[in-house]
Amino acid sequence: MADPFEVRMRFTSQLQHLNASVNSSQKAAHYALKYRDMDEDLHSCILEQLERNSMNNRANIMYFIEHLCDMAQRENHMNFVRMMQKDILMVVDAVAPSDGSGAANVKVVRRVLQGLQQKHILQSDTVTEIEGCLKERDTIAEESAFSPIDANAQREHPHHQTTSAKVNGVSRPDKRQIEQRIEEDRERHKRLRESIWAIGDEGDEEFERLWDEVSEIGEDDYIAAEEDAMERRQALELK
């Protein structure tokens, strides 16, 4: 049997080093399911890291949670799902706090909640209730983003732009965190575009749909084809 302390430490390290790639989330989810007999302890690790890490990492953990619940549901280990259902409000408050410090994560929370709802992990009533809270946090984000206090502080202390600042008591990310977030969001958008254009196993479905939409060949089609052929022959004769 694996040492519980070692399992917890390795899982914590994986959560701390999550990034925008699907592989990192899947790897951590596989690890959690491998040691499913310690599910309560691993769940407490997730909540603990949501409280301790940067807003960027909390966003990555939020995406990881969707992977974990999806894989746990498919493997019929519902303990992870039930614990996340119970603590989802706590998770949302950590990823996108009501003070506006996680304003950039509001869209992340919405996207993951929609995914969990579509996978029937969260009920629509729960998602609707949380959405009401997120609307208020969107308003806070807009107010802090256009705060005149922040603009004055940047003009008076331009050399402080690379360090975390506070606007109306809300911590703002430093330049390095902003650049990291832009890069991770770019990676996720790229992956999203790839999934939209991906061809599934039922590749013939699109062909059948297009075939059904095409009208049957009529006499006009034959006449048009003959005219096109005649024009091509005339063009070749002129050369």
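Close-up 1. Tyr63 lies 48 residues from Arg111 along the chain, and their C-alpha atoms are separated by 8.8 Å. This is a predicted model: local features need pLDDT of at least 70, side-chain atom pairs count only at pLDDT 80 or more, and totals for chains, interfaces and linings use all residues. Residues are numbered from 1 along each chain as its sequence is written, and side-chain values use heavy atoms, with hydrogens and water left out.

**Close-up 2. Helix α4 packs against helix α5****.** The axes of α4 (residues 55-74) and α5 (residues 78-95) come within 10 Å and cross at roughly 160°. That makes the two helices roughly antiparallel (under 35 degrees is roughly parallel, over 145 roughly antiparallel, 65 to 115 roughly perpendicular, the rest oblique). Axes are lines fitted to C-alpha atoms, for helices over the stretch in contact, and angles run from 0 to 180 degrees between N-to-C directions. The crossing is left-handed (the near helix is turned anticlockwise from the far one by less than a right angle; clockwise is right-handed). Residues of α4 in the contact include Met55, Met62, Ile65 and Leu68. Their partners in α5 include Phe80, Val81, Met84 and Val91. Contact means heavy atoms within 4.5 Å. By class, this contact of α4 with α5 has 14 nonpolar, one polar and one charged residues (Ala, Val, Leu, Ile, Met, Phe, Trp, Tyr, Cys and Pro are nonpolar; Asp, Glu, Lys and Arg charged; the others, Gly among them, polar).

Close-up 3. Helix α2 (residues 22-34) and α4 pack at an angle of about 50°, with their axes 9 Å apart. On the α2 side, the contact residues include Val22, Ser25, His30 and Leu33. On the α4 side, they include Phe64, His67 and Met71. The contact of α2 with α4 has nine nonpolar, four polar and no charged residues.

**Close-up 4. Cys69 and Cys133.** Cys69 is buried, with a relative accessible area of 0%. Cys133 is partly exposed, at 33%. The structure holds zero disulfides (a disulfide is a pair of cysteine sulfur atoms within 2.5 Å). Cys69 also belongs to the α4 residues that meet α5.

Technical notes:
Helix = DSSP H or I, 4+ residues; strand = E, 2+ residues; numbered from the N terminus. Buried < 20%, exposed > 50% of the residue type's maximum accessible area, 1.4 Å probe, protein only.
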